[in-house]
Amino acid sequence: MLTSTKNMKKILYVILIGIIMTGCSDELLELQPNDRFTEDTFWKTQEHVQLGINACYQTLRQPGLYGGGVPLILLESVSPNSYNYTNSLGVRAITESNHNPSTAGIISNLWSSCYAGIGRTNTLLDRIEPIPMDAALKERIKGEAKFLRALFYFTLVNNYGGVPLILNEPNVAAHSLLPRNTKTQVITQVLKDLAEASAGTVLPLTYTAGNIGRATRGAALSLKTRVLLYNENWQEAATTAKQVMALNTYSLFANYRNLFLPDNENNNEVVFDVQFKSPEFRHNFDIILQRFNTAAPVQNLVDDYYMSDGLPITSSPLYDPLNPYKNRDPRFYQTIGYVGGKFNGQVVTASTFPQTGYTFKKFTVYEDDVVKQLVEDNQSDINFILIRYPDVLLMYAEAQNEFSGPDASVYNAVNLVRDRAGIPALSAGLSKEQIRQQIRHERRIEFAGEALYYYDVKRWKIADKVLTGPVLNSRRQTIGTRLFDPSRDYLWPIPIIEIEDNPNLEQNPGYK
């Protein structure tokens, strides 16, 4: 939405077309082409509002955000967990600290996609009030729009820092030369939007078929928890996470691997996800992970999986370097395809996944003991999960531990996640620092392959340590090198096209 003048006009056109050319049906936010509307006749009825909010959700499926293969190629491959052997979307440039404001791909795509989403949500919020429609539905849709706007702005802040803060519908003359707001100002608005979205009964706890996938009260509270946690507001983050837990809406799905399979989508563990559906809305996750292996897990991640006794490989008597995959944390087998294991009904060999010897199983349709036909390019439709209930539990544990130390509630939250995984509970009597390290370990393992760890290592200020050094494959051979410049790489550069066309946008430090 807010971008250079010429880009602004393009995005304004996309926002309009995305709304007036989008229809809706009765399930999973399904959007169908519809040519009945024009700019002059839109924003008149309840149906128009419903089409408008669906268009806001549609932005999440853009390749600049969670469509295509972006979460897996980029956000996981710029973390210490996996490796992208090509320079897909500028990934290798980022991991080698060679990126700059001109780097093509995700650095510019994410900016424009988020502002397209912000433009759509702002337009809806500006236009909805005078429209005659069911009052409760109007409040709900406003809550959904505020949740989405908060998500878009939070994504921008995590990657670029402070950005221009726009709260009304797109206006080229008013918005194209705006300077950046501070990170604090943007986060303040994000929290305001989430507080309003999660208040009272604005958003429901659950939806029935036809509306599954929309933002719920639990989703708004959970995103608010994440925002507070990332900004080290420990006490309020813990309090907000407890509100989610007290809703009694979410629980841990019985089987860790199966919760990611298509048959179990929208299960009781999913707090918020991006909905996909064949043949209308598809992505490339299967082919990226199974055939092209372009988000390949690295040896460092594999080494970080504990043994089945709950101890690391460096201290567990169960670890055998000659048989390194035996007796590991069960999540290893449910997450990682490895040489000698089975995936898609076949034994994995060294040539199956040649980049590192490993692949992620999450967000693929393939199971260990069943042979399935390989999914072709842009044929996948597994939902991408943004927030799961274990994240709420571990966010609570982290915030509570940082605020007041390792009390019983911290142990209980972490042990719920470990128990579902099938590893022993934490030892009693751990210090605050020891619990902190255990929580960080749990976050890496529980969410491996889910595009969260990159933001974790940055907010913990350890990225300069864990994102620098050799990249090893399963034979412990060096296949690449990571570099992270702590003086600049905690933020991405503002895309050069934005800087050139808006001289009031100040570039992030260290970028030319």
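Trainee: What share of the contacts in the chain with a separation of 6 or more comes from residues 24 or more positions apart?

Mentor: A contact means heavy atoms within 4.5 Å. Here, residues 24 or more positions apart account for 69% of the contacts with a separation of 6 or more. Keep in mind that this is a predicted model: local features need pLDDT of at least 70, side-chain atom pairs count only at pLDDT 80 or more, and totals for chains, interfaces and linings use all residues. Residues are numbered from 1 along each chain as its sequence is written, and side-chain values use heavy atoms, with hydrogens and water left out.

Trainee: How many helices and strands are in the chain?

Mentor: Helices (H or I, at least four residues) and strands (E, at least two) are DSSP runs, numbered from the N terminus. This chain has 19 helices and ten strands. Its radius of gyration is 22 Å, close to the 24 Å from the globule rule for 512 residues, so the chain is as compact as a globular protein of that length. That radius is taken over C-alpha atoms, and the rule is 2.2 Å times the number of residues to the power 0.38.

Trainee: What percentage of the residues count as buried?

Mentor: Buried means under 20% relative accessible area, exposed over 50%, and partly exposed in between (1.4 Å probe, protein chains only). Of the 512 residues, 59% count as buried.

Trainee: Is Asp303 buried or partly exposed?

Mentor: Asp303 is partly exposed, because its relative accessible area is 22%. Find Asp303 in helix α12, residues 299-304. Not counting residues up to four places away in sequence, Asp303 touches Ile313, Arg328 and Arg476.

Trainee: How many disulfides does the structure hold?

Mentor: A disulfide is a pair of cysteine sulfur atoms within 2.5 Å. The structure holds zero. Take Cys114: the nearest cysteine sulfur, that of Cys56, is 13 Å away. Cys114 is buried, with a relative accessible area of 0%. Cys56 is buried too, at 0% relative accessibility.

Trainee: Which peptide bond is cis, with omega near 0 degrees?

Mentor: Look at the bond from Ser278 to Pro279. Pro279 sits in the loop between β2 (270-274) and α11 (285-291).

Trainee: Where is Asn293, and what is its phi?

Mentor: Asn293 lies in the loop between α11 and β3 (296-297). Its phi is positive, about 55 degrees, although Asn293 is not a glycine. Asn293 counts as buried, because its relative accessibility is 2%. Now turn to Glu232, in the loop between α9 (217-230) and α10 (234-246). Glu232 has a positive phi of about 60 degrees, and is not a glycine.
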